[in-house]
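Visitor: I'd like a close look at one part of this model, the ligand and its surroundings. Could you walk me through it?

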Amino acid sequence: MSIRIAVIGAGIMGQDHARIIAREVPGATLQLICDPSPGRARAVADQFGAVDASHDPLHAIARADVDAVIIASPDDTHASLAMAAISAGKPALCEKPLSQSPDECLAVIDRETSLGRQFIQLGFMRRFDPSYREMKHALDTGLIGRAVMMHNFHRNVEAPANFSGQMAISNSAPHEFDVARHVLGTEYSAIAVFQPARSSSTGVGAPVFMVLETRDGHLVNIEVNNNAAYGYDVRGELVGEQGSIELAAPVQARVNRHLHAGHRYAADWRPRFADAYRLQDQAFLEFVTTGVFPAQAANAWDGYCAASVAQAGIQALNEGRRVTLHSLATPALYLSRQGARP
Ligand code: ISE
């Protein structure tokens, strides 16, 4: 039996999930596209062959002909829609961040904990990216010795039109907060955030440079530059005591011309992480079908951890000081990395 999926939000990521579900996830039916703009919902539904379109997310989640939900609406709606999915007893793949407020993440966690079951798979898709997986594998199998440092670069061509305030820390950097924590298998203990004096620190998408310390003594640095101009570029290097491992972004072809060799950059993250999104959405279908939470995926607790670091990062920037992090104990539901069957 095919799993009927509703995609909430028909913006850049909603459209991408609709395409993936319709074309790259065997066993899934793209049932419904929901967007506050009825015209946009209908256009995306028609483009990817969805059965129906709607403008009411709560109704869409509750519908009897919807088995599971992908939440790809604006950041500040994620947590409440995740709660609605839980109330309807439906698994949801929720785009990151779960919320920018750690307290709101805790409310989702409380709900899952009280029901004794996970519903929310969080869209930290880099965990499924083959190059990050290889990095984690290299560390876990002892190939590079004990981890010492991790360097991260995260560059967008231009800050998206909806970016405001410190979304470089609350929207972009959570990818690195999560994936570095996942690769290293640790928790952060402190964060300091800097901005280059030469750039306008008040401009939307002003670059930030962060240094995080972990409980196990690693240093993690993260540059986020959302106005890098030249292309979408994510780099990372994990440095161990016996060697290092770098991410290698997929490059389709190299152009040799006028004494130069070069390759193209994507305009945004979708081509760079196409495999990761596909593998993540396929893992979500597996979760919906079997009820077993994908071991590698991020859950609501990971969303809370990323939101707490982001909040501390914004505080560190505003107060110009290193902020220490005191994380709560991981609730038992999230310890085994496998949820109970529904
Ligand atoms: C955006 O929201 C994403 O999630 C992208 O993956 C990331 O690279 C970009 O910086 C974010 O703004």
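Visitor: To start, how many Å is an oxygen atom of the ligand from an N or O atom in the side chain of Lys-96?

Guide: That one is 2.9 Å, from an oxygen atom of the ligand to an N or O atom in the Lys-96 side chain. Before going on, keep in mind that this is a predicted model, where local features need pLDDT of at least 70, side-chain atom pairs count only at pLDDT 80 or more, and totals for chains, interfaces and linings use all residues. Residues are numbered from 1 along each chain as its sequence is written, and side-chain values use heavy atoms, with hydrogens and water left out.

Back to the ligand. Ser-172 also has a side-chain N or O atom 2.9 Å from a ligand oxygen, and for Asn-171 the distance from a polar side-chain atom to a ligand oxygen is 2.8 Å. The ligand exposes 300 Å² when taken alone, and the protein buries 92% of that (Shrake-Rupley accessible areas, 1.4 Å probe).

The residues around the ligand (a heavy atom within 4 Å) include Lys-96, Asn-171 and Ser-172, along with His-154, Phe-163, Tyr-232 and Trp-269. That shell splits into three nonpolar, six polar and one charged. Here Ala, Val, Leu, Ile, Met, Phe, Trp, Tyr, Cys and Pro count as nonpolar, Asp, Glu, Lys and Arg as charged, and the others, Gly among them, as polar.

As for where the ligand sits, that's the largest pocket (more than half of its atoms lie within 2 Å of the pocket's grid points). A pocket is an open set of points on a 1 Å grid over the protein atoms alone, where a 1.4 Å probe fits, with protein on both sides within 12 Å along at least five of seven lines; lining residues have an atom within 4 Å of a point. The volume of the largest pocket is about 940 Å³. It has 40 lining residues, and Ile-12, Met-13, Asp-75, Asn-162 and Trp-269 are the closest to its centre. By type, the lining holds 19 nonpolar, 13 polar and eight charged residues.

One last stop is Lys-96 again: a cis peptide bond joins Lys-96 to Pro-97, with omega about -10°.

Conventions: A polar contact is a pair of N or O atoms within 3.5 Å; within protein, one must be able to donate a hydrogen and the other to accept it, and residues adjacent in sequence count only if both atoms are side-chain atoms. Grid points are joined across faces, edges and corners, and a volume is the space filled by probe spheres set on the points.
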